[in-house]
There are 2 protein chains.
Amino acid sequence: MADHNALPLVILAEKFASLPGIGMKSAQRLAYHVMSMDDEAVESFAQALIDAKKNVHCCKYCQNLTEREICPICSDDSRDNRVICVVESPKDVSAFERTREYNGVYHVLHGLLSPMDGITPDKLRVKELLARISETGADEVIMATNPTVEGDATAMYVAGLLKPLGIKVTRLAFGLPVGGILEYADEVTLYRALENRNDM
Amino acid sequence: MADHNALPLVILAEKFASLPGIGMKSAQRLAYHVMSMDDEAVESFAQALIDAKKNVHCCKYCQNLTEREICPICSDDSRDNRVICVVESPKDVSAFERTREYNGVYHVLHGLLSPMDGITPDKLRVKELLARISETGADEVIMATNPTVEGDATAMYVAGLLKPLGIKVTRLAFGLPVGGILEYADEVTLYRALENRNDM
């Protein structure tokens, strides 16, 4: 925004532009939109930012984001806490919960190994996973990181730490997406689908 | 977001989703991003929202957004305040200023006529334009609203009010965009370009 624009608007647009996926043009549009909002709506937006940052933190056990000390999933007695699904981020917990089929608990790593970007094992919540397992034990740990280079590396790394402890470590199945069209599947997916074929 | 998500995060995501062009999925991603920001960064974002809403208001003369009583353009003595460019929104002022060619002043209507959406002339800053012209006079009013149904209707309406006052009212030229390709121009644009052809 050029210097004929009001400074507080320029600052607000810059804040929006600092968010992921929002360019300067969209940020400017959002800043103008804020000007058309009611005073109360703007104040409650500002308060929501502060509240989320202040009141939400990581669950003592699974490291998922929650406003309690222990998240609703970890404190739910009907869930099997001997099966731990290890995911990259809180978004992934939401994705699994939407299936309504998983009854174990989770562990959120808050990232994936990526030494090139300086993300080494100590930057992830791996020691919390080990501490938790040594405390309460586990029958199975499901590595549910993305099927990417970083996701696979992280899964391998964590599996390497857990297997010596005698814990069963599994990985999500890779294959054709349900409803997908074979013709459009990439080679690696198709290879994995062939390799992991099941009896009918 | 399902109920296993922390409430303050759900509220924050809803605030982001209420902004134009941000869907629920992006809003959730933005809310998670806020969690990874520093406390100070979140506070300064919240403050930027409050500051912009509180300190920015409409210029007494041109109705553009500014934190002063009179905006930098209206208070700039080197600009010709006898030529008024009438635009829909503050974004359009920025667009004209980027050309660095226009030396008149502006008038921001804050909308376009759209009776179907309940936007009647009294919702726009038309009376402020008339008051301003009756006070300081004007040699020319350039109607620079978008070449859309609403933009054209608004331009016609305002022109109809100003012409009886003996003021010269002009409309932006429509034609081929510079660098555009004739083959891809729509029929109306091409017709306007033909109709408004100039001597070489």
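Reader: Which backbone oxygen does the side chain of A:K53 reach?
Author: This is a predicted model, where local features need pLDDT of at least 70, side-chain atom pairs count only at pLDDT 80 or more, totals for chains, interfaces and linings use all residues, and side-chain values use heavy atoms, with hydrogens and water left out. Residues are numbered from 1 along each chain as its sequence is written, and chains are lettered from A and ligands numbered from 1 in the order in which they are written. A:K53 is found in helix α3 (residues 39-55) of chain A; helices are DSSP runs of H or I with at least four residues, strands are E runs of at least two, both numbered from the N terminus. At 2.9 Å, its side chain reaches the backbone oxygen of B:M35.

Reader: Which side chain of opposite charge is nearest to A:K53?
Author: A:K53 is buried yet has no salt bridge. Buried means under 20% relative accessible area, exposed over 50%, partly exposed in between (1.4 Å probe, protein chains only). A salt bridge needs a side-chain nitrogen of Lys or Arg within 4 Å of a carboxyl oxygen of Asp or Glu. Lys and Arg count as positive, Asp and Glu as negative, with His and the chain ends not counted; at 4.0 Å, the nearest side chain of opposite charge is B:D39.

Reader: Which residues does A:K53 touch, not counting residues up to four places away in sequence?
Author: Contact means heavy atoms within 4.5 Å. On that basis the residues touched by A:K53 are B:V34, B:M35, B:M37, B:D38, B:D39 and B:V42.

Reader: What rotation superposes chain A on chain B?
Author: Copies are superposed by least squares on the C-alpha atoms of residues with pLDDT of at least 70 in both. The shift along the axis is 0.0 Å and the RMSD is 0.1 Å, with a rotation of 180°. The two copies are thus related as by a two-fold rotation axis.

Reader: Which residue of chain A comes closest to the rotation axis?
Author: The copies meet through the same surface, because 100% of the interface residues of chain A are also interface residues in chain B. At 2.1 Å (C-alpha), the chain A residue that comes closest to the axis is A:A46.

Reader: How far apart are the C-alpha centres of domain 1 and domain 2 of chain A?
Author: The domain assignment gives domain 1 (7-55) and domain 2 (68-199). Such bounds come from an automatic or database domain assignment. The C-alpha centres of the two domains of chain A lie apart by 34 Å.

Reader: How many residues apart in sequence are the parts tied together by A:D152 and A:R192?
Author: Their side chains meet in a salt bridge at 3.7 Å, N to O. A:D152 lies in helix α6 (residues 149-162) and A:R192 in helix α7 of chain A, so the pair ties together parts whose separation in sequence is 40 residues.

Reader: Is B:R171 buried or partly exposed?
Author: B:R171 forms a salt bridge with B:D152, the closest N and O atoms being 2.7 Å apart. B:R171 lies in strand β6 (residues 168-171) and B:D152 in helix α6 (residues 149-162) of chain B, so the pair ties together parts 19 residues apart in sequence. With a relative accessible area of 27%, B:R171 is partly exposed.

Reader: What is the relative accessible area of A:L176?
Author: A:L176 sits in the loop between β6 (168-171) and α7 (187-195) of chain A. Leaving aside neighbours within four places in sequence, its contacts include A:L182, A:T189 and A:A193. A:L176 is partly exposed, and its relative accessible area is 39%.

Notes
Polar contact = N/O pair within 3.5 Å; in protein donor to acceptor, adjacent residues only side chain to side chain.
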